[in-house]
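Good morning, everyone, and thank you for making time for this.

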Amino acid sequence: MNIAQVDYDGLIPNNVGLGQDPRVKRALEKWHPGYIDWWKEMGPEGFQESLVYLRTAVSVDPKGWAKFDYVRMPEYRWGVLLAPQHEGRKIPFGVHKGEDAWQEVPGEYRAMLRRLIVIQGDTEPASVEQQRHLGKTAPSLYDLRNLFQVNVEEGRHLWAMVYLLQKYFGADGREEAEALLQRRSGHADTPRMLGAFNEKTPDWLSFFMFTYFTDRDGKMQLEALAQSGFDPLSRTCRFMLTEEAHHMFVGETGVTRVVQRTCEAMKEAGITDPNNIEAVRKLGVIDLPTIQKKANMHFSLTLDLFGNEISTNAANAFHAGLKGRYREDRLKDDHQLEGATYPVLRLIDGKIQNADTPALSALNMRLRDDYVVDANIGVGRWNKVIAEHGIPFEIKLPHVAFHRHIGEFASIKADVNGNLLSEAEWEKRRGEFLPSDSDREFIEGLMQPQFEPAKFASWIAPPRVGIDNKPGDFEYVKIADA
Ligand SMILES: [Fe+2]
Ligand SMILES: [Fe+2]
């Protein structure tokens with residue numbers, strides 16, 4: 001069969017030949033009803049009967065992989081899609097570098113590999129759970145559609161990981177697949193595995209920040225796993241990255257549109273001081289300092305997802321050839337790193353400073369550094385919009401020591417510039433750095449739905465182009481039961 005084409009005949013669309021693999025097909029068909037139950041219980045609240053203009057993957061050819069149509073979300077065709085196999089692919093790094101890529105799970109690394117897949121898998125349904133209440137306050141049908149597109153694709157990413165578990169990990173893979181449907185974001189007893197995925201996404205600015213910052217962590221993790229010597233994982237992640245790009249687009253353009261609307265409103269009203277918060281808020285837009293605080297929060301929570309700066313797990317996964325570096329294939333070194341060092345930002349003698357560390361142990365830090373570079377690009381675009389309006393304000397990513405709960409800086413308090421603060425100073429100044437109760441209340445008050453085609457809430461500018469080149473008044477969601 002042609003790998004680029006997806007088989008849509010059965011219950012589970014796929015390009016992995018499920019039809020010829022009755023054991024895995026049965027396992028996935030058995031898992032399917034539980035997934036649908038989960039989607040109905042924990043997926044977007046109140047829009048399950050609405051017709052949503054969604055893209056569905058019909059191919060894994062990067063040049064034309066999706067088709068758009070109206071779909072009821074529970075009827076979305078969640079499928080199992082792997083990027084094409086590269087003939088003769090070799091393990092690109094670690095102790096097995098140069099050997100043939102694994103098509104089956106290498107026995108000695110089974111537990112480590114399963115854990116990597118489960119952790120990635122757990123984040124996918126978590127974000128759907130976090131975002132389930134947002135539909136009710138969407139600022140436009142365009143944004144509502146984008147939210148649901150992200151949600152159904154996170155659902156598909158869960159399918160992608162569950163396929164690997166069911167196909168390659170036997171009975172314990174089945175158990176893990178079940179457990180992925182049992183955990184719940186923010187639940188006291190059965191939370192999701194990683195901290196940032198148990199936080200609330202209470203409003204649309206948070207949603208845009210989440211898709212900008214936290215989905216970008218997803219991108220980095222997928223890029224590292226796409227390098228894996230375990231070929232099915234690599235191929236799965238490569239296709240997921242195609243979808244992930246849209247999620248970050250939603251985040252980046254979402255924040256841009258919020259910033260733009262604020263700047264336009266300020267200019268119209270003749271307000272030049274960005275810190276005149278009261279006056280700006282009276283215009284029905286979100287003041288720039290509050291946008292900065294939201295960025296501080298989501299950036300710092302996301303940094304925690306990279307784990308400890310110095311990590312034996314990360315070293316082992318690289319050494320074994322399971323998880324590589326960001327764009328490993330473009331790096332020019334020996335790809336084994338046995339004697340190499342990497343500078344890690346640490347707390348030494350009460351000061352934050354770089355220390356050379358064995359590069360293998362510092363792989364989380366390295367991925368996080370690559371992430372920060374990537375995350376700064378969009379911030380530059382936001383600032384360009386502000387500068388174009390002549391407003392003296394710049395959004396900046398906070399220091400990596402700011403507001404951390406994992407790693408080197410979890411035990412200290414620092415301001416957004418990385419200056420150490422005492423507990424008492426931190427408590428006193430917290431509201432300068434992170435959204436306060438009154439900031440949250442203000443934003444909540446703005447979150448009124450706007451479900452008329454071509455209209456947008458007061459606090460956000462329309463997008464420059466529609467999805468699938470649709471005109472501005474296109475009805476992206478035909479609401480049935482909101
Ligand atoms: Fe995802
Ligand atoms: Fe995503």
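Please keep in mind that this is a predicted model. Its largest nonpolar core has 130 residues, and those with the most contacts inside this core are Tyr35, Phe213 and Trp459. Helix H3, residues 141–168, supplies the largest share of the core, namely 16 residues. If you pick out Phe213 and leave aside its neighbours within four places in sequence, you will find that Phe213 is in contact with several residues, including Phe299, Tyr371, Trp382 and Leu397. There is also a second, separate core of seven residues, among them Val6 and Trp65.

Now let us turn to the metals. The iron ion (ligand 1) is coordinated by Glu124, Glu154 and His157, at 2.1 to 2.2 Å. Of these, Glu154 and His157 both lie in helix H3, three residues apart, which is about one turn of the helix.

Which residue coordinates both ions? It is Glu154, and the two iron ions are 3.5 Å apart. Because Glu154 lies in helix H3 while His247 lies in helix H6, residues 231–269, the pair ties together parts that are 93 residues apart in sequence.

Finally, are these two residues buried or exposed? Glu154 is buried, with a relative accessible area of 3%, and His247 is buried as well, with a value of 0%.

Definitions and conventions: Residues numbered from 1 in each chain as written. Chains lettered and ligands numbered in written order. Predicted model: local features only at pLDDT ≥ 70, side-chain atom pairs only at ≥ 80, totals over all residues. Heavy atoms only, no water. Core = buried A, V, L, I, M, F, W, Y, C linked by side-chain atoms within 4.5 Å. Buried < 20%, exposed > 50% of the residue type's maximum accessible area, 1.4 Å probe, protein only. Helix = DSSP H or I, 4+ residues; strand = E, 2+ residues; numbered from the N terminus. Contact = heavy atoms within 4.5 Å. Donors = N, O, S within 2.8 Å, 3.2 Å for Na, K, Ca; no water.
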